[in-house]
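Me: Hi! Could you walk me through a few features of this protein? I'm new to this, so please take it step by step.
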Amino acid sequence: MSGPPPSGIRGGVRQSPPHDSARKHVTGAAVYVDDMPAPADLLHCALVTSPHPRARIAGIDTAPALALPGVAAVLTAADIPGANAVGPIAHDEPALFAGTADYAGAPVAVVAAETEAAAFRAARAVDVAYEALPAVLTLDAAIAAESYLRPPSVMAVGDADAAIGAAPRRLSGALRMGGQDHFYLEGQVALALPREDRDLLVYSSTQHPTEVQEATARLLGLKMHDVTVRVRRLGGGFGGKESQATIIAALAALVADRTKRPAKLRLPRDADMIVTGKRHGFLVRYDAGFDDDGKLTGVRIDLYAHCGHNADLSPPVLTRALCHADNAYFLPHARFRGFLCRTNTVSNTAFRGFGGPQGMLAIEALLDDVARCLSKPPEAVRAVNLYSGTAQKTPYGQVVEDNLLDRIVPEVMRQAEFDTRRAGIDAFNRASPVIKRGLAMMPIKFGISFNLPQMNQAGALVHVYSDGSVHLNHGGIEMGQGLFMKVAQVVAETFQIDVDRIKLSETSTGKVPNTSPTAASTGSDLNGMAAHNAAAAIRTRMAAMAAEHFGVAADAIVFRENRVHAGNESLAFEELAEMCWRGRVSLSEAGFYRTPKIHWDMDTNTGRPFFYFSYGAAVAEVAVDTLSGESRVLRADLLQDCGASLNPAVDLGQIEGGFVQGMGWLTCEELYWDDDGHLRTHGPSTYKIPGSRDVPPDIRVHILDDAPNREDTIFRSKAIGEPPLMLAISVWLALRDAVAAAGDGDRPVPLDAPATPAAVLAAVEALQGGD
């Protein structure tokens, strides 16, 4: 699959056809769930939610709501005919809380009415009697109370205690990092339509149609074959619609099933942010031993994840954090411990990077602190700790056999003119008492695959019609990242036809069953290979028909430039398609793919969880006003490994977008709960995502040249969805560098994440005040 692309077809791999919905996006023609024409008798739904972070539900009086005009139903847990359990792993989250509500915003009832306004009025009229109970509201309180969802998880290699004890130097420290709201443009929404025999058709804004199908069937006491879930596109997901969308879809389906009318549940922005989970905030504590060059000899890191009231996806998020606490650095003696901290807050969930960013931030902060204590350049300390060669192992036992760090780090340093700019920034800082500049480089090594091996599979369905047009369906979800176009390019390349001959169709559990979520950056790897396998099987049958027609061996048939060749003779692709139909040759195939080589022992946290690693590096320059704490990113140089990119334009967009989203997490997106457990940052007026003016005015993005994946991925490409987000850690490190310039520069910078103006100012004052 790794040969050069042909030049005779439009939209094959390595080319950059635009996103399949790009024109629809900018003209408003793209149809999302809430844009679909309202079916007859549609009911609009609204949630009744708990105002208490923890409370016993003493009773629910629905009569006041049912008495209002236009109200069709008020459903509680008592109306659920099946199992009231929709959690993705432990099935420990009810769709509607009964007995006890475990966080402020927990759904306790769902109202259905003729209009959305009537549903909201009725939701406010439902009379719920609560008995407030003691609640655990903060991460620190959970740690103090040992409020954990599961026992601690340990990953260890070598003898960290002995290595730290024998080290020439030793340092301990801590770091706090906040969570992050997904702030997708399209909020959570689902439309459920009842069919005969209690069948249901559900349109859901979900990254995981199969989970919606399975949970809805469980909730209603049905089988999975009774529920069909369809998804054409999402207005953003970022992990927030991997498990959280299931609750919304299941409740819409409950209303449809009970009332026998179509039902739609769409969360307004405020409710969306209050009811649904976020990126996990973490507390990190570390103890490190190192030598005079900053080389780590032993490391202990404890990672405390703020999970919320139940498991959701927290266990695998923590596992991935543990697997990335080494980032790009060889640690021969290390012990990582992970704690799943339970609080009475919304259940935190998947978010782009899925724990990887938190693990990486931990080791990057540690190395930055070591460098400050040694008065050494942080990039020099990073360099002596990098994985080197192709034989070193991670703390979980996987050999880093595809290591590109030795190439990527020097290349980004050269592209960014790091040494020259470093000297200029140092001179600027000596002359500037108020504005300080910072510069930092950091590399990434990000593992690609789901940590749970059974998730690494995909299916696709390909039809070739007798006129030569192609229908493509697969289990992946298009959420703006360009997956549909990439998979279409794969099929175009396989058949050697123009990509505009291929019809992309909505994802449906009725066409491709048992799908994995579109997550973990695996969308193109899994679905692209499944689609290729389907198309290749059809191509083989078509080649046999062509060989019979031309009187040659099948291996003499070549598909090229929309035609099928046998020496100097050829047929148009559509002519061969009709010939196959007349010859009763099947032109339909269900393709399947499972990722090879991976395995994982959840008890010992060892194995090969990742098929391969994606590498990258970034250099960021910032300016900080030491009187106000305000900061700006002045320049960013990004270098990302994409293997042999399927679509360079799409990949460049993913790199830029991921980087800016990561900047938001680390600089301006701050979640705040008050002392009563209520989220106070639940809209754009109080929660700041990056805007266009936050993007560095000088941003230089490069895809690593001539670096095809050494593993047999689809046309030797690599995943791109998540890795670039972690390049933004360079911005946070540059802010630390600028703050260090305001002090004496010989001790760790007390700056947590997000580095808001208030946090930056506090760090400056701490350094200057000697605290």
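This is a predicted model: local features need pLDDT of at least 70, side-chain atom pairs count only at pLDDT 80 or more; totals for chains, interfaces and linings use all residues.

Me: Are α14 and α15 roughly parallel or roughly antiparallel?
Reply: Angles under 35 degrees count as roughly parallel. The angle here is about 25°. So α14 and α15 are roughly parallel.

Me: In which handedness does α14 cross α15, and how many nonpolar residues are in their contact?
Reply: The crossing of α14 past α15 is right-handed. Residues in the contact include V487 and F495 of α14, along with S524 and A531 of α15. By class, the contact holds two charged residues, six polar ones and, to give your number, 10 nonpolar.

Me: Is S524 buried or exposed?
Reply: S524 sits in helix α15. Beyond its neighbours within four places in sequence, S524 touches L483, K486, M529, L646 and I714. Buried means under 20% relative accessible area. S524 has 15% relative accessibility, so S524 counts as buried.

Me: Now the open sheet of three strands: which strands stand at its edges?
Reply: The strand order is β4-β2-β6, with antiparallel pairing. An edge strand has a single partner, so one side is left without a neighbour in the sheet. That describes β4 and β6.

Me: Which residue of β6 is the bridge partner of R56?
Reply: Strand β2 spans residues 55–61 and pairs with β6 over six bridges, in the antiparallel sense. For R56, the bridge partner in β6 is E131.

Definitions and conventions
Residues are numbered from 1 along each chain as its sequence is written. Side-chain values use heavy atoms; hydrogens and water are left out. Two strands pair if DSSP finds at least two bridges between them. Helices (H or I, at least four residues) and strands (E, at least two) are DSSP runs, numbered from the N terminus. Axes are lines fitted to C-alpha atoms, for helices over the stretch in contact, and angles run from 0 to 180 degrees between N-to-C directions. Angles under 35 degrees count as roughly parallel, over 145 as roughly antiparallel, 65 to 115 as roughly perpendicular and the rest as oblique. A crossing is left-handed if the near helix is turned anticlockwise from the far one by less than a right angle, and right-handed if clockwise. Contact means heavy atoms within 4.5 Å. Ala, Val, Leu, Ile, Met, Phe, Trp, Tyr, Cys and Pro count as nonpolar, Asp, Glu, Lys and Arg as charged, and the others, Gly among them, as polar. Buried means under 20% relative accessible area, exposed over 50%, partly exposed in between (1.4 Å probe, protein chains only).
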